[in-house]
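Let's take a friendly walk through a protein chain together. Have a look at the fold first, and then we will go through some of its parts.

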Amino acid sequence: MPTIEVSLRDLASIARTDLTLDKLKEVVEVLKGEVTEVKGDYVSIELNYDRPDLFSAEGLGRAIGIYLGSRSLPQYSINGPVTKLDVTKAPAYRPYAYMAIVRNVELNDEAIRQLFQLQEIMHRDYGGDRRLVSIGLYDLDTVKPPFSYIAVKEASYRPLGYSEFMTLTDVLKVTEKGKAYSSLVKPGEYPLLIDGEGKVLSFPPILNSEETKITETTRNVLIDVTGVEPELMKRVLNIMVTAVSERSRSPVIESIEATGVNSELTPSLKWVRVNVKLRDIEDLLGVKLEPPVIINVLTRMGVKASDLGDSIEVFAPPYRIDVHSYVDVVEDIAIGLGYNSLEPNLPPPTHFGVKHPVEHLSSVIKDLLLGMGLQEVVNFNLISDEVMRIIGFINFVKLSNPKIKDYSALRNSLIPSLLLTAKVNQRLVGRLEVFEVGDVVELKNDTAVTSRRVGILLMGDGYTLTDGLSVFKSLLKALGITTSLRRCSSRPFIPVRAVEVLVNDAGIGCIGEVDPEILVNLGIEKPTVIGELNVDLILSILKSLQQS
């Protein structure tokens, strides 16, 4: 999870209250975080992914102050548009860009450090490590509007942290950021952000210009986001704009019009309206709460709330990009009340307690595989859609609004999860023999269908298809099932080193040696054998055997 380092003195200034370490720990725990280290005035805090507005002192101090009652919710007004951003000549593979301005800021070294910390965490955890979104901060007084976001074959500028001019090609070869992110840009179609006089602001998503950097003398900040996911970009821009505004006693926010296929003004800074029924709160939390109690809790958690009789109307500020539905609001109520204050109770039974046949078979399979010496692993059903594509899976459910890129899709096979298990553990063990029994979600005629699978993975020098087959054959033989085999050429296997497992000529799974190209792309350095069987199909076969 993201870990930030903040100054206790700086946090207290933004929260507008005296702030002891004990009080900080208390409030951070309410905000689903944890103080992990203290070094003098600096505190390291681990936070949840779902509250990116807390990833710097600006947002965290604001939330602490609102919770403690030392400050109220900020109000935002926007002037403009004051200028334009032309995106008609943007690179086709990275076509979107938006901008905003915050005036009257007061920056010191700590403020600049916090804003850059926020920028980098947003890059890594919400921007797909700059692949989806990249962010730039500039001293507005060093540039001349209007602005343009263009694609160029080549150009030169002075990159941030360097005294000499470099070509864009040299920036990719020489600088640390250039080497790290060169794969995100295409030679001959480099993205470039320039002002009205042709001065380079940045080479996104690589490196800003030294001449436009923000310093302690900066009073007006220009913010841009570029990338490939416009809705995500606008949410990230809202977080950056509201964070920078915390560094001003009288902030003036100005919008900029992005002109392209569709003109758009940013930032919008719209509050999110959610209507929450009192019955839904009671159903989810298991306790009945009166509207005044709910409104008081939500106010401390940093949203506006009002009583509508049978429901609560909630408005979440624009930096709360984690609020989408009534469930998010109810979670805030639970957090504000304190989970320990909620009395747990079991719902009344609706039927006699009989173990589902699939669960019973799953338990038997686990016992058999444990008896063979394999270790059980348990992975999330959510996985990175990028990993799915690398491995070769395409027909899967992708989340429309993932919290983080690592959980952006529903797996339709256990194979991707097991391969990530191998990647994580390869440096810790010489050999790995594991299995997983879990659910997957397949798309069949545009309908999501859940099924149970069992997968195995053998990683290490010397493992071959024969080793994997011996596990599957032993498992199925123990269940009383006779199998046959035929060649399998699907991903992620080496075509001539994989087989499909058949029962009465019907396939129930595959196993094989993983294609070295896929191993390299995933960062797995050892030979790997992997396979999975459909537990639902195995159950059907066992039932038919019992009937016969």
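How many helices and strands does the protein chain have? The protein chain has 16 helices and 28 strands; helices (H or I, at least four residues) and strands (E, at least two) are DSSP runs, numbered from the N terminus. Please keep in mind that this is a predicted model, where local features need pLDDT of at least 70 and side-chain atom pairs count only at pLDDT 80 or more, while totals for chains, interfaces and linings use all residues. Residues are numbered from 1 along each chain as its sequence is written, and side-chain values use heavy atoms, with hydrogens and water left out.

**The whole chain**

The C-alpha trace spans about 80 × 65 × 50 Å along its principal axes. Of the 548 residues, 51% count as buried. Buried means under 20% relative accessible area, exposed over 50%, and partly exposed in between (1.4 Å probe, protein chains only).

**Helix α2**

Helix α2 covers residues 21-30, and its residues L24, V27, V28 and V30 are buried. The face turned away from the buried side of α2 carries the exposed residues D22 and E29. Among the elements that cover the buried residues of α2 are α1 (8-15), β2 (34-39) and α10 (326-337). Just after α2, K32 takes a positive phi of about 65°.

**Where α9 meets α10**

The axes of helix α9 (residues 291-300) and α10 come within 9 Å and cross at roughly 90°. The two helices are therefore roughly perpendicular to each other, a label for angles of 65 to 115 degrees. On the α9 side, the contact (heavy atoms within 4.5 Å) is made by V293, I294, V297 and L298. From α10 come V329, D332, I333, G336 and L337.

**Two cysteines**

A disulfide is a covalent bond between the sulfur atoms of two cysteines. The structure holds zero disulfides, where a disulfide is counted as a pair of cysteine sulfur atoms within 2.5 Å.

Methods
Axes fitted to C-alpha atoms, helices over the stretch in contact; angles between N-to-C directions. Parallel < 35°, antiparallel > 145°, perpendicular 65-115°, else oblique.
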